[in-house]
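User: Could you walk me through this structure in a few questions and answers?

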Amino acid sequence: MIPLSHYLTVAFVLFAIGLIGIFTRKNAILVLLSIELLFNAVNLSFVVFSQAHGNLEGQIVTLFSMAIAAGEVAIGLAICILLFRTQKTIDVTDFTDLKQ
Amino acid sequence: MFLMITEIFLIATLFIVLFSDLLLSKNKRSLLGILTALGFLLALVAQIFFWNESGSLFEGMYVQDEFSKLAKVLFLIIGFFLSLMIRTYATKLVGGQGEFYLLLIAAIIGMSFGVSSTNLLLIFIGLEIITFSSYIMTSYLKHARASIEAGIKYLIFGAISTAFGLLGMSLIYGGSASLDILTIKNALLSSGSDQTLLIVGFLFIFISLTFKMAIVPFQVWAPDVYEGSPTPVTAFFSIASKTAAITIFLRIFYEIFLPIQNQISIIFAVIIAATLVYANFAAIPQKNIKRLFGFSSMSHAGFILMGFLASDAIGVGFVLFYLFSLIATNLAAFFVLSLLANHSENDRVIEYEGLKEKSPMLATCLFVSLLSLTGIPPTSGFVAKLLVLYSAVNEGFLWLAVIGIFMAILSAYYYLSIVGKMFLEKPKDTSPINIPLSTQISLYLTVGFVVILGVVPGPFIHLCQQAATSLF
Amino acid sequence: MTSLIILSPLIGFALISLFLFRWKKLCGWISVGSLLIPFVLIVQLFMQMQSNPSSFPQVISVPWISIMGLHFELGLLFDQLSILMGLLVSGVGSLIFIFSMGYMEEDKGYSRFFAYLALFASAMLGIVFSNNFVQTFIFWELVGLASYLLIGFWFSKDSAADASKKAFLVNRVGDFGFILGILFLWFLSDPTGVSRTVDFAGLAQSIPTQVQLGVISSGAILLAGLLILCGVIGKSAQLPLHVWLPDAMEGPTPVSALIHAATMVAAGVYLLARTFFIFTISEELLTIVAIIGGLSAITAATMAVCQSDIKRVLAFSTMSQLGFMVLAMGLAGPVSGMYHLLTHGFFKALLFLGSGCIIHAVHTQNLFEMGGLSKKMPITTLTFLIGTLALCGLFPTSGFFSKEEILTLAHGHSMLAFIVVLGTTFLTSFYMGRVFSLTFLGPQRKPSDIHESPFILLFPLIVLSFFSIFAGFFGIPELLGRAAHESHHGTEGNFLALISTGVILFGLISSYLIYGRKTQSQDPLSKGLGPLYTLFERKYFIDEIYNFYVSKIQQPFARLCDITNEWIAIKALSHWTGIVVYQVGNVSRKLLTGNVQTYALILAVQIVVIFTLVVILFKL
Amino acid sequence: MIDLSFYFIAIPMASLALMALVPSSQLKLIKTIAWISSSACLALALFVLLKLDRTNTSFQFISQLSWIQTPEINLHLGVDGINVWLIVLTSLVSFAGLYACSSIQKDAKGFYLLYLLLTLGAYGTFLSVNLFFFFLFLEIEALVSYPLISNWGRGEKKFAAMQFTLYAILASAFVLVGLLGLYFLPAIQTMDMVQLGAHLQANPLSLALQHKLFAFFLIGFGILSAVWPFHAWGPIGYSSAPTAGSMLLAGVLKKVGAYGLIRFGLLMLPDAAALWMPWLALWIMMNLVYVGFIALAQKELRNLIGYSSSSHMGFVIIGLACFTSLGTAGAMLVMFSHGLLVALLFLIAELVERKMGTTQIDALGGLAINWPFTATCFSLAALAASSVPGFANFAGELVILFAVWNQYQWLTIGVLICVLLTAIYMFRAIRNIFFGPIKESHQNTEEPVKSLFCKVPFLLLIGFLLLIGFCPTLALKDFENGLTQLKIIEKGEELKTNSELI
């Protein structure tokens with residue numbers, strides 16, 4: 001039986017990859033992609049814990065979090081479209097006029 | 001049934017506004033604002049009418065106690081005034097103002113669910129509703145480049161904070177095998193060994209909530225988003241989402257993690273010190289007034305977190321009182337800001353020169369709210385800061401109080417420089433600004449509230465402390 | 001009743017300055033009256049002292065400050081010394097008041113003048129009758145204030161304004177040492193700190209006994225004595241702090257007569273006499289006093305010889321006579337010092353008032369513009385002659401007796417002292433002869449219509465000349481408490497008298513020969529003495545040294561402090577802190593470049609820091 | 001309960017409210033309100049001075065109103081030996097200050113409002129027996145000075161106002177930290193000075209704690225009372241503030257610093273005070289000598305007065321530094337007389353500026369010829385400043401000289417150098433401004449103070465200076481009563497031993 005810690009390490013590694021993805025990627029779409037990665041990592045840990053504790057609450061939460069992740073990305077894509085329409089670019093590093 | 005009276009009324013207003021938005025013709029859109037304000041007022045009256053109803057629904061997931069009732073009253077007041085503020089700002093909303101009211105009502109519904117839920121999942125869903133509506137609100141001005149940029153930045157950091165929140169919840173679930181606050185609390189008390197999961201989980205949740213409060217880990221976004229988004233949305237961020245985050249965090253912290261408070265308060269102290277120093281020093285050279293208010297809300301969040309160092313109902317009462325005073329002060333300030341935003345395009349501080357000649361009333365209202373923001377005696381800000389400093393020193397953090405006092409002095413510099421510009425400089429164009437009736441009333445109410453809280457704070461502090469007892 | 005002595009002039013001052021400002025004549029009479037009352041009271045006390053000397057000294061005092069171990073009171077002490085001095089002050093004072101009623105007739109500040117005179121009179125009497133150091137210090141300063149007001153009476157003149165300021169500040173320098181001396185004596189009076197006192201009687205008992213017991217070191221007494229001496233030097237215009245006396249002649253002549261001849265300058269010597277019990281303790285102290293007295297006497301005499309302004313000559317002669325008195329004190333002869341002080345009061349006042357009449361008539365103070373006044377002003381000439389002879393110390397006059405005493409003291413003490421006294425006597429007789437012959441003898445240089453001054457001016461002159469002659473025979477030393485047997489008139493005394501008369505006559509005749517006959521527009525001595533003349537005439541350049549100090553050392557140092565203050569306190573603390581805070585704020589601005597990724601990086605760094613903190617705290 | 005002391009706050013408050021309602025066009029009505037309020041306060045102050053029961057040494061005329069229950073803060077006012085004369089000083093200075101207000105034309109209503117607020121702050125600071133309200137009124141005074149200087153001032157008033165207020169706030173921040181410590185550290189947590197004082201007498205704080213708190217108080221009150229490195233912000237503020245404002249600020253706000261040092265430093269933290277005081281005495285020498293020389297180099301009358309007042313605060317601080325009730329009584333007497341003196345000098349500076357347009361000393365000259373009354377007042381004030389006997393300053397300085405000599409023998413030289421320097425620059429000011437020949441451009445300027453009504457403030461101030469000068473026991477008795485519970489009497493004596501090291 002694979003011990004709990006292995007699953008958790010996988011979840012955390014996934015989470016880390018997602019974070020690094022957000023920090024380094026220039027393209028807005030790929031940033032949204034890595035946000036998705038974050039949520040999936042969290043779902044993984046929820047499922048693992050519910051399996052370990054033997055009750056279904058964890059899985060209920062994963063369902064909700066999937067729905068929320070979807071909503072999140074939907075809004076993200078909408079904003080990307082807006083960005084593209086007005087700026088002709090969705091490169092995250094170009095939006096720097098909001099500064100001192 | 002009467003336990004969820006506020007949510008029911010709000011959902012009703014949501015639908016009414018939705019349909020009337022479809023039916024009404026183009027030019028009568030401003031009616032929607034009044035409708036929303038009426039809705040909030042009704043909900044407020046109903047909530048006060050059913051004040052002594054308390055109990056729990058959905059097998060204990062949703063609870064209505066003193067604390068949640070007071071919080072809901074706060075949210076409804078915020079909703080009422082924000083809807084009026086959006087009405088005054090409506091001329092700038094090219095893309096139609098109907099949806100704006102819907103988003104506002106949805107956010108307030110999310111807040112009231114969040115505050116009275118005792119299940120982590122429901123809290124998470126409440127928070128998500130607030131974040132979703134604020135994503136859309138920030139990038140509401142489709143044509144303005146700044147608004148969209150603010151939207152994308154808010155979205156990225158919002159998503160990260162939600163992810164952290166979820167991660168924290170999964171660890172707490174892992175540690176205590178349930179999502180209900182009471183069982184988690186017992187798990188924390190009983191389980192000696194694997195407290196680490198619970199502590200790390202709590203920490204993640206705290207970090208995700210700091211996003212909304214704009215405190216140290218997640219404070220970088222605040223100035224840009226405050227500057228970019230339309231003024232009522234900035235008001236929403238600095239008042240509504242901060243209050244929601246703080247009230248929810250109050251419930252989580254005091255209902256679950258009170259036993260480990262003495263270690264955590266050291267972390268809080270470090271974070272507070274960092275926020276105060278960062279916010280006040282960065283605010284000195286600011287030219288844009290909304291950006292300045294971003295840093296000022298950051299510094300006030302730091303002061304509020306000082307209240308969390310207290311370990312009894314009296315201390316928590318001071319946090320609630322600080323929220324009261326902060327809401328009243330920021331509402332007054334933002335009413336003036338949103339009114340002036342219509343007259344000038346880029347909200348620079350220089351626009352405020354000679355405001356006294358343009359409209360003495362706006363100038364005095366902004367003057368009183370700036371006094372309260374700095375914490376100068378006759379206003380509520382002074383009493384709030386005093387009480388919070390009192391609880392910090394009471395818990396032995398004299399050094400933190402000293403930093404707080406000196407940062408308050410620093411804040412005096414940039415607040416009073418605006419006052420100086422308003423009263424002492426000569427305006428460029430002396431065209432008087434006409435103030436619509438609704439804004440006048442709300443200005444009188446909010447400024448009056450600030451002064452009353454400042455002069456006779458006794459009963460209000462007592463009310464907040466009553467509400468705080470239900471947390472323990 | 002006797003407290004009226006100090007209060008009546010004070011009341012006079014208050015009445016005039018507050019209410020009666022407009023009625024000129026009335027103010028004059030009130031002021032004179034306010035001084036006559038104390039004169040009568042003092043004469044009455046004098047009579048009482050003669051009848052039963054045992055009942056004196058009497059002390060009346062009222063508490064002024066009494067708080068936690070500090071008890072000062074304002075009191076009146078009546079003994080031979082203070083009563084005689086009081087007689088001199090009030091007697092000569094009222095005569096001078098009468099004189100100034102005539103002299104200041106047409107001056108528009110008439111009532112203001114008399115108000116100041118009344119204030120001066122009360123302050124002077126306050127010093128004379130005070131029974132403790134603090135009260136002396138209080139009236140010491142008030143006398144300085146009155147002299148400031150009177151010297152600067154014609155304040156619209158630049159020279160008068162500067163002179164009054166200079167007088168007050170130099171006195172203040174003297175008082176600087178004086179108060180330090182008082183504090184030191186007060187502290188030494190009782191080392192246990194329980195019963196410290198500033199009262200003369202109390203100190204007279206405690207200080208000498210403690211010195212014998214060795215509780216107070218001799219060095220401490222020397223220091224205390226020197227500090228008190230500073231006050232004396234400042235007030236009696238002795239050598240280092242004498243610069244204000246010649247400039248004080250800017251005031252009206254009655255002022256010079258009252259303050260800078262008879263009374264105020266004598267206050268220093270009076271203080272020496274009053275606190276002589278301190279000075280007798282240490283030998284070195286007395287020698288220092290003697291040296292200062294001698295030096296001032298000789299230098300002042302040399303300066304007087306070369307002055308061309310009549311009042312400045314008299315001013316320097318006062319300074320030199322005061323030198324004599326201090327020398328006498330230094331030679332352990334307080335009685336002869338006081339004796340000379342009393343006699344000097346009469347004839348110096350006479351000389352000043354005489355010069356007042358001359359100036360009143362000739363309207364100039366320059367000796368070389370006067371001449372041949374003896375024909376026009378017989379009485380003034382006669383009285384002035386009596387004054388001159390008394391000052392030089394010829395036989396019948398009172399000056400002779402008091403100077404003899406000092407001569408014998410100097411002779412007994414050391415050869416150097418004797419030579420100094422003889423030299424000064426010669427110089428005194430020379431310059432007085434010069435003044436007399438230049439003003440009264442020789443051809444009349446001023447063609448203006450000179451006429452005798454009115455009677456009101458002459459009456460005081462006559463009374464004073466009477467005293468100048470016969471004061472010697474009143475036996476003042478016995479009155480001052482010296483036992484009869486001490487005043488020796490032995491053969492050795494007559495021999496000294498012969499020498500001094502010879503010296504005086506020689507001085508007078510030589511000055512007559514040089515100045516008496518031909519008219520000189522320019523002082524013949526200047527060719528004779530050459531560089532020495534300019535040295536004496538420019539008062540040994542001491543004034544220039546002090547001016548150099550003020551303008552080159554004190555002011556630049558003050559400007560240096562101001563500049564450092566400008567840079568440190570104003571610029572640094574206020575201006576640059578603002579800039580520093582602003583720059584720190586700018587640093588954070590540079591941090592937020594607006595790029596999302598830098599924000600994310602900052603976020604990550606902060607989360608990592610918080611985690612490390614948690615790990616350390618919870619020791620996971 | 002309410003007693004006489006409450007009316008010192010109620011009268012200004014009521015007239016503030018009344019004045020706020022009056023439209024700004026009716027200048028006459030505004031002025032009358034201000035006059036009524038300040039003369040009422042003056043009458044009340046004199047009445048309290050007479051009625052003060054000299055035998056009972058605790059607070060009298062106590063009035064108490066509760067404000068917040070939980071951390072139990074209530075408005076608690078009282079009069080005792082220490083603050084009765086300071087209240088009389090405030091009432092005199094504020095009454096005299098009104099004369100200087102008449103030259104304010106630009107929106108006078110705002111000025112009078114702020115002026116009353118400043119007087120309210122002054123009364124409150126001296127009267128309040130509650131720690132919190134002491135700080136509150138101190139804060140009001142500090143903040144009111146910004147609009148007062150920046151709006152109605154002269155010269156580079158913006159910079160002066162900014163740095164004046166920031167220093168005042170910085171000082172009150174240090175004081176606040178000290179007060180917080182005083183409230184939380186001792187066992188009983190009370191804001192009431194009397195209970196706190198009694199408690200600290202019985203069981204004082206540990207020495208280490210006392211040191212920390214005393215350091216905060218020393219810096220805070222030191223900044224307020226112009227101790228050496230912070231001597232410049234005051235004079236800059238006063239020279240560019242409107243005269244009425246600078247009269248009150250220089251006359252009263254500076255005394256709050258020294259008052260606070262007595263109340264909190266000497267009375268509540270005696271052990272720390274005993275160890276700090278010798279070093280403070282040495283430190284203040286700079287104030288006396290260095291600032292004295294700066295005053296010597298001043299070319300402008302207001303700067304001269306400002307810097308001379310900063311260096312005179314040296315007297316007060318060294319009086320406190322002797323740490324005996326004698327020295328403290330002397331210091332309080334100098335505080336009272338120095339307040340009157342500075343008010344008088346600023347009033348005359350206002351007259352000179354109003355008539356001659358400038359206060360540059362070398363542009364003036366020979367004014368005494370046309371201005372006999374003003375010249376006499378200025379010379380009397382200058383005499384008082386250079387401590388000529390007959391004035392209250394001399395009595396105070398005499399007591400201080402004896403007290404300082406008792407503790408630190410040879411430091412009195414510094415005090416005397418300051419007296420000498422004051423005499424030099426004061427008499428030079430008289431000589432250059434009033435004496436000497438009149439300049440042809442000022443030939444026709446007639447006397448600014450003609451009617452008796454205008455002469456009242458001068459007579460009042462000089463009258464009080466002379467009254468206390470002639471019989472100082474009037475004031476010294478009260479100070480002694482106020483200081484009875486001062487534990488430092490024997491501490492002062494024992495201090496003498498370790499002060500030999502100087």
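**Contacts and packing**

Analyst: Happy to! Apart from neighbours within four places in sequence, B:Thr329 is in contact with B:Ser369, B:Ser372, B:Leu373, B:Ser380 and B:Val450, where contact means heavy atoms within 4.5 Å. This is a predicted model, in which local features need pLDDT of at least 70 and side-chain atom pairs count only at pLDDT 80 or more, while totals for chains, interfaces and linings use all residues. Residues are numbered from 1 along each chain as its sequence is written, chains are lettered from A and ligands numbered from 1 in the order in which they are written, and side-chain values use heavy atoms, with hydrogens and water left out.

User: Is B:Thr329 buried or exposed?

Analyst: B:Thr329 lies in helix H13 (residues 313-343) of chain B; helices (H or I, at least four residues) and strands (E, at least two) are DSSP runs, numbered from the N terminus. Buried means under 20% relative accessible area, exposed over 50%, and partly exposed in between (1.4 Å probe, protein chains only). Because its relative accessibility is 2%, B:Thr329 counts as buried.

User: Where does D:Ser387 lie?

Analyst: Phi of D:Ser387 is near 45°, a positive value in a residue other than glycine. Most residues other than glycine have a negative phi. With a relative accessible area of 6%, D:Ser387 is buried. The residue lies in the loop between helix H14 (372-385) and helix H15 (392-407) of chain D.

User: At roughly what angle do the axes of H9 and H12 of chain D cross?

Analyst: D:Pro235, D:Tyr238 and D:Ser239 in H9(D) meet residues of H12(D), including D:Arg302 and D:Tyr307. Axes are lines fitted to C-alpha atoms, for helices over the stretch in contact, and angles run from 0 to 180 degrees between N-to-C directions. The axes of H9 (residues 233-240) and H12 (residues 301-321) of chain D come within 8 Å and cross at roughly 145°.

User: What radius of gyration does chain D have?

Analyst: Along its principal axes, the C-alpha trace of chain D spans about 70 × 55 × 40 Å, and buried residues make up 71% of its 502 residues. The radius of gyration is taken over C-alpha atoms, and the globule rule is 2.2 Å times the number of residues to the power 0.38. A compact globule with 502 residues would have a value near 23 Å, and chain D agrees with that at 22 Å.

User: Which chains have the most contacts among the five pairs that touch?

Analyst: No contact joins chain A and chain D, whose closest C-alpha atoms lie 25 Å apart. Among the five touching pairs, the most contacts are between chains C and D.
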